[in-house]
Amino acid sequence: MAWTCEQTEERLSDYLDNLLDPADITALNRHADGCAECTRLIDQVGSAVRQMRSLAPVEVPPNLITAILDQTIGPRPEKKGWRSWFSWADFVAHPKFAMGALTCAVTLVILGYAAGLSPAKIKRGDLAPSNMYRAVNRQFHLTYGRTLKYVNDLKVVYEIQSKLRPVESPAREREREEAPASPQEKSQKDSHPGHTSTLEAHLFAYDAMHAPTRSQR
Amino acid sequence: MQRHTRRVFGLCYRFTGNSHEAEDLSQEVFLKVYRSLASYRVAAGGFPTWLTSVTRNLLVDHYRRTKRDRLTDSIEDEMPRLEETHSVSRTPFKHVADAELSGQVQHALSRLSPELREAVILRDLQGLEYNEIQEVLSVPEGTVKSRINRGRIELARILEQLGLRPS
């Protein structure tokens, strides 16, 4: 059975809030199908509800919470004298900062252990500024010396490697471009270069000496 | 604290339509809550419902207190709303449409009777359930439903008069 206009208007919010029984929904729809006025009302009210629900929440003025706290628990005590100078550093007392500081300290201790530092090895005399300076200076020079030595060694190795590689003549390069050799042939050619200069003869002897090692690789 | 402040300020702002008034009323609400915390007993709806109830009672008191002023100073009463509409129209980019809609809904709400206004605000803007509204308003469920229904229909008619097309 279809509803009347009064019934539809009365139960409109129940319909919009999905609180109607299926039988009531059918009765409302049956009425709305034949009543343009009620169809319009349902659309209008449904739209108004949607528009209200789509509104963003009201922004709270930034100073309201402070004003409320001042009125209720009273204004926070202001620091006077020398304490006010350190008011900018209040964040240090914050639990988040303390947690961060603790994490940093633990990380430093772990790194210290990894680098070979141990509290048991540190003597009282080591903590004197002059001794600390000397130790740091010594460590710095040691590290610098080691790095320098390592770089020089690398340089020598590269120099030897560049000298061991035979200098190819332009004619031979052209020859290689025309007929690209297989890797095996290439290694054979490399091991028998057939050059007559003193340096190359020397290099040939070096290559021959190291040939088994290369082939193993 | 921020969540509760937003709830209280939102209710005050939507009811009065004036930011300054809403700010003063919010402070008054929290002062009252702070003073009566000792007498607070966990109610069925919990603290948020109690807070809403305190806010609503203060709003009703404020409405009665200022009723005479509103009748005599009806033009001055319009001023804050006009200022707000003006400032809203300058809000940049995509917020303009939302702000305009908010202004129109606010204007329509202010034309509702306080009983219907509070019911609609609690249901559609604060998102309270029927039983919570019943507790806040201290009226039977049938009355709550009837007020929400009449409030919505009235509001939809005002919005149409303001030229807001159904979305």
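Among the elements of chain B, which has the lowest mean pLDDT and which the highest? What you see is a predicted model, and in chain B helix α5, residues 74-89, has the lowest mean pLDDT, 44, while α9(B) has the highest, 93. For chain B as a whole the average pLDDT is 80, with 80% of the residues scoring at least 70. Where pLDDT is low, the predicted coordinates should not be read in detail. The scores for the model are ipTM 0.77 and pTM 0.57.

Now to the place where the chains meet. In the model, 26 residues of chain A are in contact with 31 residues of chain B. On the side of chain B that touches chain A, the elements giving two or more residues are α1, α2, α6, α7 and α9 of chain B, and the largest share, 9 residues, comes from α9(B). If we sort the residues on that side of chain B by type, we find 15 nonpolar, 8 polar and 8 charged.

Let me take one helix pair from this meeting of chains. Two packed helices are described by the angle between their axes and the distance between the axes. For helix α5 of chain A, residues 64-72, and α1(B), the axes come within 11 Å and cross at roughly 100°; since angles of 65 to 115 degrees count as roughly perpendicular, α5(A) and α1(B) are therefore roughly perpendicular to each other. Here L64(A), I65(A) and I68(A) from α5(A) meet Q2(B), T5(B) and F9(B) from α1(B), and the residues of this contact divide into 4 nonpolar, 2 polar and no charged.

Is I68(A) buried or exposed? A residue counts as buried if 20 or more other C-beta atoms lie within 10 Å of its own, and I68(A) has 24, so I68(A) is buried. Leaving out residues up to four places away in sequence, I68(A) touches T5(B), S26(B), Q27(B) and F30(B).

Finally, the core. In soluble globular proteins, nonpolar side chains tend to be buried together. The largest nonpolar core here has 43 residues, and those touching the most other members are A48(A), C12(B), A119(B), I121(B), I133(B) and L155(B). To follow one of them, C12(B) is in contact with A22(B), L25(B), S26(B), T55(B) and L59(B), leaving aside its neighbours within four places in sequence.

Terms used. Residues are numbered from 1 along each chain as its sequence is written. Chains are lettered from A and ligands numbered from 1 in the order in which they are written. Two residues are in contact if their C-beta atoms, placed from the backbone, lie within 7 Å. Helices (H or I, at least four residues) and strands (E, at least two) are DSSP runs, numbered from the N terminus. Ala, Val, Leu, Ile, Met, Phe, Trp, Tyr, Cys and Pro count as nonpolar, Asp, Glu, Lys and Arg as charged, and the others, Gly among them, as polar. pLDDT is the predictor's confidence in each residue, from 0 to 100. A nonpolar core is a set of buried Ala, Val, Leu, Ile, Met, Phe, Trp, Tyr and Cys residues joined through C-beta atoms within 7 Å. A residue is buried if 20 or more other C-beta atoms lie within 10 Å of its own, exposed if 12 or fewer, and partly exposed in between; C-beta atoms are placed from the backbone. Axes are lines fitted to C-alpha atoms, for helices over the stretch in contact, and angles run from 0 to 180 degrees between N-to-C directions. Angles under 35 degrees count as roughly parallel, over 145 as roughly antiparallel, 65 to 115 as roughly perpendicular and the rest as oblique.
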